[in-house]
Amino acid sequence: MSIQVLKPKYHVEECLAEIEECLRSGWTGVGFKTTQFEDQWKRYTGLPNAHFVNSATSGLHLALTVLKRRYGWSDDDEVISTPLTFVSTNHAILYEGLQPVFADVDDSLCLSPHSIEERITSKTRAVMYVGFGGNAGELNAVSEVCRRHDLALVLDAAHMAGARYLDRHVGSEAAVTVFSFHSVKNLPTADSGMVCFRDAEDDETARRLSWMGITKATHERTDEASYKWRYDVPDVGFKYHGNSIMAAIGLVQLRYLDDDNARRRSLAASYRKALAEHARIALIPEAKACQSSQHLFQVRVGHRDEVMEELYKSDIYPGVHYVDNSSYPMYRHMQGACPNAAAASEELISLPLHLDLTEDDVSYVCSALIAAVEKVRV
Ligand SMILES: *Cc1c(COP(=O)(O)O)cnc(C)c1O
C-alpha cells in the first residue's frame with residue numbers, strides 16, 4: 001500500500017451525528033454550530049475572539065482588510081512576509097493592494113527577526129509570520145520587533161492548531177491569528193478556518209465584512225417584527241463566513257486535537273531518532289519553548305528531486321512545503337532577496353506524517369530515504 005505525505009482522519013460516526021442535527025433542524029448556515037465552535041475554540045486556545053470562516057485564505061484576507069481600514073493604510077504600503085509558504089499568505093497581501101516584501105527565514109524555516117528588521121522602511125505596516133510546520137520559531141523576538149517599530153503582527157497559524165508556545169496556546173502574540181481547518185491540516189473539517197482578532201472591535205468588523213458587508217445593527221434596535229428583512233450594507237464585503245456543517249465536523253475533531261498532535265510528535269520523534277546520525281540528511285532544529293503541533297516532518301537533502309523519484313519507487317509519496325514563492329510571476333521581482341529560503345526550497349522534503357501512519361511505516365520510510373540518499377550521491 002502506498003504511503004502518502006498527509007491524510008485526514010475523521011471521527012466519522014460522531015461527525016455524522018453532529019451533521020445530522022444540522023440537517024434535521026434545517027440549520028446548516030451561519031449561527032448554531034458555528035457559534036458553538038467559535039465558543040469552544042476560544043475556550044481551547046484562550047484567545048479573546050474567534051470568527052469562523054470558510055478558509056484560512058479568507059481569514060488572512062479579512063485580517064489585512066480589517067487592519068488596513070482601521071489604520072488607514074494606503075495602497076503600496078508594505079507588508080513583510082516569507083517567500084517560504086503556501087501562496088495564500090502572500091496572495092492575501094495582494095488582494096488588498098498592499099506590497100509584499102520578502103524577508104528571509106532562519107533554520108526553523110520561520111522568518112528571521114534580524115532579516116525582518118533589515119527590511120523595515122517608512123512604508124512598512126505589518127509582518128505576516130508563518131509558524132512553519134507548527135513550530136513557533138523566533139515568534140517572541142518577532143513580536144518584540146513589531147512592538148518596537150509599531151507594526152501589526154499577523155500570525156498565519158494554518159499549521160498551528162494545538163501548538164503551544166511559552167506555556168500557552170499560540171496566537172496572543174499577534175494582532176490577528178488565522179488557523180486553517182482544511183482537510184490536510186491538524187484539525188481537519190473539509191474546508192474552513194478561524195480568524196482571531198485581539199480587539200473585539202476588529203472581530204465585529206470582520207463579521208460584517210465576511211457576510212457581504214451586511215449589518216442589522218440599526219434595525220435590531222427597533223422591535224418592529226415587520227422590519228426584520230431590512231438591513232443596511234455600509235461596506236462592499238465578501239462571502240467568507242463559515243457554515244454549520246463544517247463547524248459540526250470541527251466540534252468533533254477539536255475533541256481529539258491534543259491526542260492527535262501528541263501522536264504526531266511521537267512519530268516525529270521516531271523519525272528524528274532514526275535519521276539523526278545520517279550525515280547527508282539534515283533535520284529541522286526542534287522548536288525552543290514551543291510544543292509544536294507537528295503539522296509536518298521535514299528533512300533537507302541534496303539532489304532532492306532525485307531522492308523523491310527514488311522514494312516513489314518504494315511507493316512512498318512525500319511532499320515539498322514549499323517552493324520559494326519568488327519563483328511565481330507575481331513575486332518574481334523579489335527573486336534573489338532571500339538566499340536561505342531559496343536554498344531550503346531546493347532541499348526540503350516533507351516525509352509522510354499523519355494519523356494512519358504506524359511505527360513500522362516510519363521505519364520503512366527511513367530505510368527507503370537513507371537508501372535513496374546513498375544511491376543518488378554516486
Ligand atoms: C493551508 C495554508 C493556508 C491556507 O489555508 P486554507 O484553509 O486552505 O485556505 C495558508 N497558509 C498556510 C501556511 C497554509 O499551509
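Modeller: Let's start with a term: a residue is buried at under 20% relative accessible area, exposed at over 50%, and partly exposed in between, using a 1.4 Å probe and protein chains only. Keep in mind that this is a predicted model, where local features need pLDDT of at least 70, side-chain atom pairs count only at pLDDT 80 or more, and totals for chains, interfaces and linings use all residues. Residues are numbered from 1 along each chain as its sequence is written, and side-chain values use heavy atoms, without hydrogens or water.

My pick is α7, where you'll find Asp-203. (Helices are DSSP runs of H or I with at least four residues, numbered from the N terminus.) Asp-203 counts as buried because its relative accessible area is 8%. Leaving aside residues up to four places away in sequence, Asp-203 touches Asn-49, Ala-50, His-51 and Phe-197; contact here is heavy atoms within 4.5 Å.

Now the packing. Helix α7 (residues 200-209) and helix α3 (residues 56-71) have axes that come within 10 Å and cross at roughly 120 degrees. Those axes are lines fitted to C-alpha atoms over the stretch in contact, with angles from 0 to 180 degrees between N-to-C directions. From α7, the contact uses Asp-202, Thr-205, Ala-206 and Leu-209, and from α3 it uses Leu-62, Thr-65, Val-66, Leu-67, Arg-69 and Arg-70. By type, that's five nonpolar, two polar and three charged residues, with Asp, Glu, Lys and Arg as charged, Ala, Val, Leu, Ile, Met, Phe, Trp, Tyr, Cys and Pro as nonpolar, and the others, Gly among them, as polar.

Definitions and conventions:
Helices (H or I, at least four residues) and strands (E, at least two) are DSSP runs, numbered from the N terminus.
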